[in-house]
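Keep the sequence and the model side by side while reading.

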Amino acid sequence: GHDGVMFLCEAALGKQRIVTRDGQVQWNEKDPVSAHGADSVYAVGQKEPDSTHDITVKFDGADVVVPQGQVGPNPLLAKHGGSSSFDQSEYLVYKESQCTIRYVIKMRFT
């Protein structure tokens, strides 16, 4: 019986800092990317949609990749150590200027 809100955002990720474990970025860090020469954080998850089914659409004249495939093992995980504490990948930006909210969805959880 709780309400929830989900934001679908377009984000400029730039150069990513790669993490595979909880605690590599502390919850209270104000800027966990600049010291690493990065613009965002990519928390590599164990699962990802199959990228062979991705589609590309135009938003405001820019090509945007939209995942469409079934969720399965993340093929990038082997490249980043083979294991992760994250079930699904997360993309984190720390500057509002890197993110544009496209849709807001209000949900009711029962």
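Contact here means heavy atoms within 4.5 Å. On that basis, residues 24 or more positions apart account for 73% of the contacts in the chain with a separation of 6 or more. The model is predicted, so local features need pLDDT of at least 70 and side-chain atom pairs count only at pLDDT 80 or more, while totals for chains, interfaces and linings use all residues. Residues are numbered from 1 along each chain as its sequence is written, and side-chain values use heavy atoms, with hydrogens and water left out.

## Fold and surface

Helices (H or I, at least four residues) and strands (E, at least two) are DSSP runs, numbered from the N terminus. The chain has 10 strands and zero helices. Its C-alpha trace spans about 40 × 35 × 35 Å along the principal axes.

Residues are sorted by relative accessible area: buried is under 20%, exposed is over 50%, and partly exposed is in between (1.4 Å probe, protein chains only). Of the 110 residues in the chain, 20% are buried. Accessible areas come from the Shrake-Rupley method with a 1.4 Å probe; for residues, only the protein chains shown count as cover. The chain exposes about 8,100 Å². Carbon and sulfur atoms supply 54% of that area.

One nonpolar patch deserves a look. Patches are made of residues with over 30% relative accessible area and no salt bridge; like charges are joined within 9 Å, nonpolar side chains (Val, Leu, Ile, Met, Phe, Trp, Tyr) within 5 Å. Val 5, Phe 7, Ile 101 and Val 104 make a nonpolar surface patch of about 390 Å². Strands β1 (2–11) and β10 (99–109) each give two or more residues to it. Val 5 sits in β1. Val 5 counts as exposed because its relative accessibility is 51%.

## Salt bridges

Side chains of opposite charge can pair when their charged atoms come close. The rule used here asks for a side-chain nitrogen of Lys or Arg within 4 Å of a carboxyl oxygen of Asp or Glu. By this rule the count is six salt bridges. The table lists some of them.

| Pair | N to O distance |
|---|---|
| Asp 3 and Lys 106 | 3.9 Å |
| Arg 102 and Glu 10 | 2.6 Å |
| Lys 47 and Asp 87 | 3.2 Å |

What does the bridge between Asp 3 and Lys 106 tie together? Asp 3 lies in strand β1 and Lys 106 in strand β10, so the pair joins parts that are 103 residues apart in sequence. Asp 3 is partly exposed at 47%. Lys 106 counts as exposed at 65%. Arg 102 in β10 and Glu 10 in β1 tie together parts that are 92 residues apart in sequence. Arg 102 is partly exposed at 30%, and Glu 10 is partly exposed at 28%. Lys 47 in β4 and Asp 87 in β8 tie together parts 40 residues apart. Salt bridges that share partners also join Asp 3, Lys 106 and Arg 108 into one network.

## Aromatic pair

Rings of Phe, Tyr and Trp (its six-membered ring) pair if their centres lie within 6.5 Å; planes under 30 degrees apart count as stacked, over 60 as edge-to-face and the rest as tilted. A search of the whole structure finds one aromatic pair. Tyr 42 and Tyr 91 are stacked, at 5.0 Å centre to centre with 10° between the planes. Tyr 42 is in strand β3 (residues 40–43) and Tyr 91 in strand β9 (residues 90–93), 49 residues apart. Tyr 42 is buried at 4%, whereas Tyr 91 is partly exposed at 45%.

## Loop residues

Is Ser 84 buried or exposed? Ser 84 is buried, with a relative accessible area of 7%. Its place is the loop between β7 (71–73) and β8 (86–88). Beyond four places in sequence, Ser 84 touches several residues, including Thr 20, Val 44 and Leu 77.

His 53 lies in the loop between β4 (45–49) and β5 (55–59). His 53 is partly exposed at 47%. Leaving aside neighbours within four places in sequence, His 53 is in contact with Gln 68 and Gly 69.

Most residues other than glycine have a negative phi. Asp 60 has a positive phi, near 50°. Asp 60 is in the loop between β5 and β6 (62–66). At 69% relative accessibility, Asp 60 counts as exposed.
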